[in-house]
Amino acid sequence: ALKLPQGTLSLDPFIGGIVSMPRKTYRRSNKKYNENYYITSVSYTDKGWFVALSKNCGFTSQSYNYTTEWPSDWLSERRSKGYYITSIAAGNGKWMIVVSKGIYTNQVWKYDKWDNLNKFLQEYWKKGYEITDIEYTNGKWLLIMSENAPYKDQSCIFQYTESGARKMINKYWDEGRRIQLVEYGDGKYFI
């Protein structure tokens, strides 16, 4: 198991891999769900979709939607049943949205250019929400913030080079901070 700071979740054991969507993910995820694994991260890469499954992540139930259009009705229906977005990715003209029960108690999101998101981010940080995912697609950022996230006292920065991103990650790590997510879009790294 990873040695994580007090108050963080241990994702032990962890399984990940490149899969084609959606059939292989559905079959593999359902098999692993029966073994108490849950999808903890999805991403689109130049090799296809990457799906990470983990145990002991705090989720109690999960569902996902693989679609070309933003699934507002599906998200509303899932939210009414206590599900919140726990991982999201866009690629190859599709969205992969994973919703889960068991951790978050409320959630907000906004899809816009970064300059318009900063005010939203500051407002919800003051209300006790934390960034729980971010995705860049079609010239905009989708920022997801949740209540009852398993981490506090967040900050975020943009770096324009891979070496700059690596330097900042090492700096934060040396300060005892932990990197929750990294996303690349619009020619910059969000850390």
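Colleague: What is the relative accessible area of Tyr 44?
Modeller: This is a predicted model, where local features need pLDDT of at least 70, side-chain atom pairs count only at pLDDT 80 or more, and totals for chains, interfaces and linings use all residues. Residues are numbered from 1 along each chain as its sequence is written, and side-chain values use heavy atoms, with hydrogens and water left out. With buried as under 20% relative accessible area, exposed as over 50% and partly exposed in between (1.4 Å probe, protein chains only), Tyr 44 lands in the partly exposed class, at 32%.

Colleague: And is Trp 49 buried or exposed?
Modeller: Trp 49 has a relative accessible area of 4%. That value makes Trp 49 buried.

Colleague: What angle lies between the planes of Tyr 44 and Trp 49?
Modeller: Rings of Phe, Tyr and Trp (its six-membered ring) pair if their centres lie within 6.5 Å, and planes under 30 degrees apart are stacked, over 60 edge-to-face, the rest tilted. That rule gives 16 aromatic pairs. Tyr 44 and Trp 49 make one that is edge-to-face, 4.9 Å centre to centre, with the planes at 70°.

Colleague: How far apart are the ring centres of Trp 114 and Phe 158?
Modeller: The planes of Trp 114 and Phe 158 stand at 85°, so this pair is edge-to-face, and the ring centres are apart by 5.0 Å.
Trp 114 sits in helix α3 and Phe 158 in strand β10, so the pair ties together parts 44 residues apart in sequence. Helices (H or I, at least four residues) and strands (E, at least two) are DSSP runs, numbered from the N terminus. Back to the distance asked for: 5.0 Å.

Colleague: Which residues do ring pairs link into a cluster with Trp 114?
Modeller: One member, Tyr 136, stands opposite Trp 141 in β9. Apart from Trp 114, the ring pairs bring in Tyr 136, Trp 141, Phe 158 and Phe 190.

Colleague: How far apart are the end C-alpha atoms of helix α3?
Modeller: Helix α3 covers residues 114–126, which is 13 residues. The expected span is 1.5 Å times one less than the number of residues, so α3 should span 18 Å. The model agrees, with its end C-alpha atoms apart by 18 Å.

Colleague: Which residues of α3 are buried?
Modeller: On the other side of α3, the exposed residues are Asp 115, Lys 119 and Lys 126. The buried ones are Trp 114, Leu 117, Phe 120, Leu 121 and Tyr 124. They share one side of α3, because their arc around the axis (taken from the directions from the helix axis to the C-beta atoms) is only 110°.

Colleague: How many of the residues of β9 are buried?
Modeller: β9 (140–147) is among the strands that cover the buried residues of α3, as are β7 (106–112) and β8 (130–137); contact here means heavy atoms within 4.5 Å. β9 is itself mostly covered, and of its eight residues the buried ones number six.

Colleague: How many bridges join β7 to β9?
Modeller: Two strands pair if DSSP finds at least two bridges between them. β7 and β9 run antiparallel, and Trp 109 stands opposite Ile 144 in β9. The bridges joining β7 to β9 number seven.

Colleague: Which residue in the turn between β8 and β9 has a positive phi?
Modeller: β8 and β9 run antiparallel, joined by seven bridges, and Glu 130 has Ser 146 as its bridge partner in β9. The two strands form a hairpin with two residues between them. The one with a positive phi, about 55°, is Asn 138.

Colleague: Which residues of helix α2 are buried?
Modeller: Helix α2 spans residues 72–80, and its face turned away from the buried side carries the exposed residues Asp 73, Ser 76 and Ser 80. The buried residues pack against β4 (61–67), β5 (84–91), β6 (94–101) and β7. They are Trp 74, Leu 75 and Arg 78.
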